[in-house]
Amino acid sequence: MLGNILIYFVVVPILMMLGIYLSRNRAQIRAVAVTGSLVLLGISTWLVCEYLRLRAAGFDAPMLFTDTWCWFAPLNINLAVGVDGVSVAMLMLSSIIVFAGSFASWEIPQPKAFFLWLILLSTGVFGFFISIDLFTMFMFYEVALIPMYLLIGVWGSGNKNYSAMKLTLMLMGGSAFLMLGLIGIYYNSVVDGEHTWNIVKIAQSHCLDNTGWQYLFFPLTFVGFGVLGAMFPFHTWSPDGHACAPTAVSMLHAGVLMKLGGYGCFRVAIYLMPQAANELAWIFLILTGISVVYGAFSACVQTDLKYINAYSSVSHCGLVLFAILMLNTTAMTGAIMQMLSHGLMTALFFALIGMIYGRTHTRDIRLMGGLMKIMPFLAVCYVIAGLASLGLPGLSGFVSEMTIFVGSFEHTDFFHRAFTIAACSSIVITAVYILRVVGKLLFGPVYDEHHLSLTDATWWERLSTVTLIICVAAIGCFPNFFVDLIKFTFSSRIFAAIGLN
């Protein structure tokens, strides 16, 4: 079973949890967390290189590194793993943020329990991205969601109990829709005389084509995953959850966990039910278009740094779903790039906000000012994160958003172009709230004289933020590498067969 490299994305976190459980002090817990995250980062880096090598050598299977182990034969449930370029990109993103988050949680209280729950969450995330069996994917999806309640309720701040309960109930409500859709797909997918959960088999056999059931299953699965992707009007859990979560949880939550929503919509709803997607996409384009503009406008009126970034995430994640629904190669490539870009820059934002809050003990921008003089390293990092968010050329936000807008404008009808223009307006709105926060927070006179005694970033904080900044700049400066990584997904024979252009 351990012969497949993908299974180590689940085995290593489990070993990390065992090591942390056996640790006796904070230093040992830190050592286990950092070592494990480095191992995951190394595995994901090797996987990227090996995946590109195999594609260059002519391996054209839709999924590589596939393997299957039977779990429950009566219902044909298997631990089936496999990856394409999109999965590999998401695994790389997850490992980077887990690594950075380990350093961002250096001084967390009750570190043993915290890291146990945090790594359980990351286990669910990694398992979700490597699964090609719908049942196993759903199981890991739930494993990723459950720890959020305790991580926010115990280690959070502010109105944490309300936020934790609201997040849990809304995401579980989305899971109920999702479960109904997946069960329906299973009972309508018969390959070689038996029902199957396997995504590749369902897509290759076209089990759901020309059946009226997919017009029910597509909305169920898209809404189920869309709740986690903060789709309007199911987005309200996100700002409260982000605002109350501890730093590393906010990083992993916004940077990776919300990407499960976009990835699920792409991998399940669009991949398996393209006919329903073509005919029903306009409904969800309206909702996601509202998310993009509404999230940006809402960020403009916030005064809490975490709420500003949380509503910004609603806008950027809405842009991911918006691009996926355009159903063409350019826009969907932009959607994957946006998932990578937003994951990195929002993790950077939340890391910096946590570091600033740990020193000033406030997140209210009205009570801060002149921090560039006091903590220049953190201030410069915040400016870089803001410039990436508003789409400055040379950083990740520019290439992802431009690819989305160019791909979306390929549609020649009024409906698609009108919503594309509306979505483009979010760039201007983003510039407004980013420049407003940077000007108020970092420049001008020092608001509180007590802030003059504050210190700048420590070595572990610098390592965490610099790691994320390098990745943001890498996407912006070398976008073709990431396009090459994911492009085969959209040119495979499965996507050609279902009519994506």
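Predicted model: local features only at pLDDT ≥ 70, side-chain atom pairs only at ≥ 80, totals over all residues.
I started with Arg462, which sits over the face of Phe377, 4.4 Å from the ring centre. My rule for a charge over a ring: NZ of Lys or CZ of Arg within 6 Å of the ring centre and within 35 degrees of the ring normal. I also found Arg363 over the face of Tyr357, at 5.3 Å from the ring centre.

Residues are numbered from 1 along each chain as its sequence is written, and side-chain values use heavy atoms, without hydrogens or water.

Next I looked up ring pairs. I paired rings of Phe, Tyr and Trp (its six-membered ring) with centres within 6.5 Å, calling planes under 30 degrees apart stacked, over 60 edge-to-face and the rest tilted. That rule gives 25 aromatic pairs. In one of them, Phe415 and Phe419 are tilted, with 5.0 Å between centres and 45° between planes. Both belong to helix α19 (residues 414-442), 4 residues apart, about one turn; helices are DSSP runs (H or I, at least four residues), numbered from the N terminus.

How exposed is Phe415? Phe415 is partly exposed because its relative accessibility is 25%, between the limits for buried (under 20%) and exposed (over 50%; 1.4 Å probe, protein chains only). Phe419 is also partly exposed, at 23%.

Last, I noted a cluster that ring pairs build from Phe128, Phe129, Phe138, Tyr141, Phe225 and Tyr263.

How values were computed
Helix = DSSP H or I, 4+ residues; strand = E, 2+ residues; numbered from the N terminus.
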